[in-house]
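Hello,

Here is the structure you asked about. Please open it first, then read my notes below.

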Amino acid sequence: MSGREDILGGIRKALKRGPLDAAAAAVLDARLAAPARNLIPARATSLDHPGQVELFVAMAEEVQTTVDRVAALADVPQAVAAYLASENLPADLVASPDPVLDDIPWAERPMLRLRRGKAEGGDKVGLTPAFAAVAETGTLMLISGPQNPTTINFLPDTHIVVLRADQIVASYEDGWTLLRQRQAAAGDAALPRTVNFITGPSRTGDIEQRMQLGAHGPRRLHIVLVGDGAAERPAGERPG
Amino acid sequence: MQPTSHAFKANVDKALGDATLQTALGLAMLGFGPKRRSAVERLPEFEALREEGRRIKNQTLEHLDYYLETFERNVTRWGGKVHWCRTPGEAREAVLAICRSVDAKTVTKGKSMIAEEIALNDFLEENKITPVETDLGEYIIQLRHEPPSHLIAPAFHLLKEQVADVFRSSHTELDPARSLVEPRVLCDEAREILRPKFLAADVGITGANCLVAETGSSIIVTNEGNGDLTQTLPKIHIVLASLEKIVPTLEDATTILRLLARSATGQEFSTYTTMSTGPRRDGDLDGPEQYHVILLDNGRSAMLGTEFQDMLRCIRCAACINHCPVFSAVGGHAYGWVYPGPMGSVLTPKLVGVAEAGHLPNASTFCGRCESVCPVKIPLPKMMRHWREREFEQKLSPAPYRFGLSAWAFLATRPALYQALTGVAMRVLAAFGKRRGHFRSLPLAGGWTSVRDMPAPQGRSFQSLWAERQKAKAGR
Amino acid sequence: MPEQPIRVGLFVTCLVDLFRPTVGFAAVKLLEDCGCIVEVPRAQTCCGQPSYNSGDRADTKAIARQVIAAFAGFDYVVAPSGSCAGMIRSHYPELFADEPEMATQVQHLAQRTYELVSFLTDVMGVTGVAARYDGIATYHDACSGLRELGVKDQPRRLLRSVAGLKIAELPGAEICCGFGGTFCIKYPAISDRMVGDKATEIVATGADTLLAGDLGCLLNMAGKLTRRGTAVRVRHVAEVLAGMTDEVLPIGAPDEAVS
């Protein structure tokens with residue numbers, strides 16, 4: 001007997017039943033097709049959107065993410081240049097080929113040199129957009145795709161994320177809902193290979209339980225937060 | 001690894017006498033409790049979430065076959081493959097076959113307790129494949145050729161000086177005179193050394209904190225980002241997971257994740273929580289070309305429907321370990337196998353046999369702290385007691401101890417005889433012990449008096465004094 | 001106070017019966033002071049924990065049946081021990097889960113069984129006692145009472161009403177003392193480490209008295225404290241609450257009057 005049949009048979013024997021009948025399976029299928037939310041803490045869901053933006057910033061800063069707030073996408077190049085200068089970092093960046101970043105007037109800061117593509121071992125600074133962000137714990141939600149290679153999130157020492165305030169949602173569940181909406185809109189192929197929830201820069205406590213930043217992933221996580229989120233999100237993008 | 005759980009008592013003596021270990025344990029154990037407590041206090045819903053976690057896991061176990069089949073269907077749909085493995089041997093062979101298919105020379109590894117359980121590193125080395133542990137703690141202990149001492153902090157039994165020593169003797173390409181005093185420097189050195197290994201590896205192996213049936217995804221949680229580099233850069237990503245890691249939906253996984261970091265490290269959320277579904281998609285610029293899930297049973301399915309089923313809820317957060325006074329005293333290696341502390345004392349007898357690991361469920365005071373912090377409310381003391389029942393049934397406990405127990409039970413069910421005999425014994429003890437108030441040693445009580453005095457009894461038993469009082473009352 | 005006096009069956013516990021009868025009389029006094037009628041069934045010995053925690057279910061059941069029979073018919077059953085009360089309250093129902101015909105009596109007993117101080121405060125509504133004790137006491141939360149029965153604040157509340165008594169909180173009061181029944185003789189090295197750490201913490205509070213609600217833990221801690229030659233006086237909390245500390249020396253203390 002194959003391992004598969006053996007294991008499944010063993011489970012059924014232990015549960016004192018055979019394979020689920022069609023009716024029982026249909027009930028479970030239905031549950032999977034329309035996943036129910038479990039208890040979600042009120043910490044973020046009880047706030048209005050401006051409150052969620054404030055909570056996101058506070059929670060992110062608590063875990064050593066730095067956050068710079070700017071009014072508009074047009075302000076991003078200046079903010080990025082200023083951040084790199086303040087940290088004494090090079091102005092060469094590897095950036096996602098995501099068209100979202102094309103809306104930013106990079107040419108206004110010719111000192112910033114953006115290479116678009118996946119990250120390589122030598123890249124020092126990476127720049128990406130985010131798919132969403134979760135106020136509850138100051139967590140970024142990034143997804144992989146042809147325009148969003150995952151390596152940028154991990155290989156460079158510094159990760160800069162351009163996030164619009166209206167992308168901030170209350171909970172991870174809101175993030176899943178956005179992901180499912182995206183998948184439904186684009187067809188099956190849209191479930192990304194990788195979803196990264198990122199909460200602060202890389203760290204380890206493995207030596208004497210003392211926290212050090214920059215274990216293997218980025219030493220610095222910097223968010224350029226655009227706008228105040230006051231503009232309504234398009235109705236179709238609203239979570240749950 | 002070969003279990004040494006049968007030598008638990010000797011392991012304990014060694015651990016208690018190891019001054020360096022005791023210093024490291026003292027340093028490490030101080031932080032866990034307060035960090036968890038403040039994270040829990042910050043989330044008013046935490047207790048309700050524990051109940052949710054328990055419910056989700058229980059409901060999943062009731063339909064485990066369905067969810068595993070659904071998981072496999074979805075993994076396949078996204079281009080991955082599930083390998084069903086009954087035993088550690090089958091799991092090792094499945095990993096080897098995948099590695100051989102691309103003629104792999106080196107394999108990077110994220111932290112995986114299943115890899116420890118199936119002793120994967122030794123096996124890969126025997127087959128001329130070099131495994132490289134990338135979690136800093138795992139890397140340190142790999143260099144030291146020792147097993148992890150803790151589920152989430154594998155090198156927590158070491159002081160930084162010991163880490164410096166092993167780095168100096170292993171990283172011979174670096175300047176031998178360099179300073180390795182600061183943990184910061186040690187971290188940076190490991191980062192420098194491991195980065196090219198991440199880039200060069202042919203295969204990346206990670207564990208899984210959850211498998212999601214709905215999407216066919218695996219989820220890993222790390223703080224270092226090593227798991228992400230491990231699973232993104234090589235051509236092949238292999239996930240090692242035992243079958244009880246399955247949850248139905250992303251929402252269910254999310255509830256587990258809310259419990260996990262707070263219970264483990266006291267973090268609100270781990271730095272990196274990563275969901276992976278299949279290999280890279282068409283057009284993706286990076287990510288693995290193959291995605292394999294090694295689904296290990298190793299006796300777990302046989303725990304369903306038994307008194308040990310609740311253990312299958314375990315999410316490996318280590319809260320029980322971090323709050324265990326026995327573990328705090330002796331550390332992880334004393335337990336003699338992969339899983340230490342209370343969860344190990346329940347799981348290890350199942351995985352390596354109760355004859356080998358019989359000490360573990362006995363080495364507990366049943367103080368209950370483990371159960372009180374368990375994020376999915378596993379009744380750990382109750383299950384340790386179940387192991388004691390199995391041992392008793394199989395007559396595995398020492399004969400004198402069993403005799404003592406039977407004698408006590410014989411007396412305890414004969415109150416008159418009990419009162420007569422104990423009354424005499426206590427009066428004798430009281431007479432001898434009255435002046436000093438306690439005994440430095442007592443015949444047949446060496447286990448007690450070897451480490452503490454035995455306070456002397458007052459004299460007459462309560463029952464005899466009470467009878468007298470009642471008589472006097474009646475006579476008035 | 002209800003019209004009909006409450007009939008309480010005192011489960012003395014084997015350790016109190018054999019080692020420290022004063023704790024039993026202190027319990028009787030505290031119960032009678034709040035209007036209960038106390039009876040002590042003769043046919044009681046042990047709650048069965050040594051057998052139960054050693055995996056011997058058959059003997060445990062035999063002992064438990066005796067307890068269930070002896071304590072049928074009381075309004076409440078009270079034990080000066082969180083561990084023995086917890087055994088009856090939490091573990092008897094589990095022990096007899098495979099005997100549905102026992103369910104009613106087991107549940108009935110379990111629901112009426114209380115640890116002494118919890119009974120006084122939670123059931124009888126006692127808020128204070130008329131007792132005096134001059135000293136600084138620290139309090140150890142014995143595990144079963146704390147985690148199985150939720151005994152934490154109750155003893156502290158009553159102790160605050162004792163004249164002359166100051167409380168110095170014990171850091172790590174909720175961490176096990178290393179007694180654990182047969183654990184302390186099966187694994188003396190680990191138990192030694194645990195009770196040693198506990199003794200160090202106790203001494204560091206500066207308290208002259210250690211109190212707790214379980215005699216097993218008290219014997220263990222007292223034994224370590226005298227072995228270390230410290231002068232900390234160790235007593236069951238009931239002795240202090242009942243004002244009966246003059247009737248008996250502290251646990252393990254030498255009798256200066258005997259030469």
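**Two domains in chain B**

The C-alpha centres of domain 1 of chain B and domain 2 of chain B lie 55 Å apart. Domain 1 covers 43-302 and domain 2 covers 399-475. These bounds come from an automatic or database domain assignment.

This is a predicted model: local features need pLDDT of at least 70, side-chain atom pairs need 80 or more, and totals for chains, interfaces and linings use all residues. Residues count from 1 along each chain as its sequence is written, chains are lettered from A and ligands numbered from 1, in the order written.

**Where the chains meet**

Chain A gives 61 residues to the contact and chain B gives 79. (Contact: C-beta atoms, placed from the backbone, within 7 Å.) H1(A) brings the largest share of chain A's side, 9 residues. (Helices are DSSP runs of H or I, at least four residues; strands are runs of E, at least two; both are numbered from the N terminus.)

Strands E9(A) and E9(B) pair antiparallel over 5 bridges. (Pairing needs at least two DSSP bridges.) There, A:Phe197 has B:Thr273 as its bridge partner.

**Helix H19 of chain B**

H19(B) runs over residues 380-393. Its 14 residues should span 20 Å at 1.5 Å a residue, and the end C-alpha atoms are 20 Å apart, so the two agree. (Expected span: 1.5 Å times one less than the number of residues.) Its buried residues include B:Trp387 and B:Met384. (Buried: 20 or more other C-beta atoms within 10 Å of its own, with C-beta atoms placed from the backbone.) They pack against helices including H15 (341-352) of chain B. B:Lys395 follows H19(B), with a positive phi near 55°.

Best wishes

Notes. Two residues are in contact if their C-beta atoms, placed from the backbone, lie within 7 Å. A residue is buried if 20 or more other C-beta atoms lie within 10 Å of its own, exposed if 12 or fewer, and partly exposed in between; C-beta atoms are placed from the backbone.
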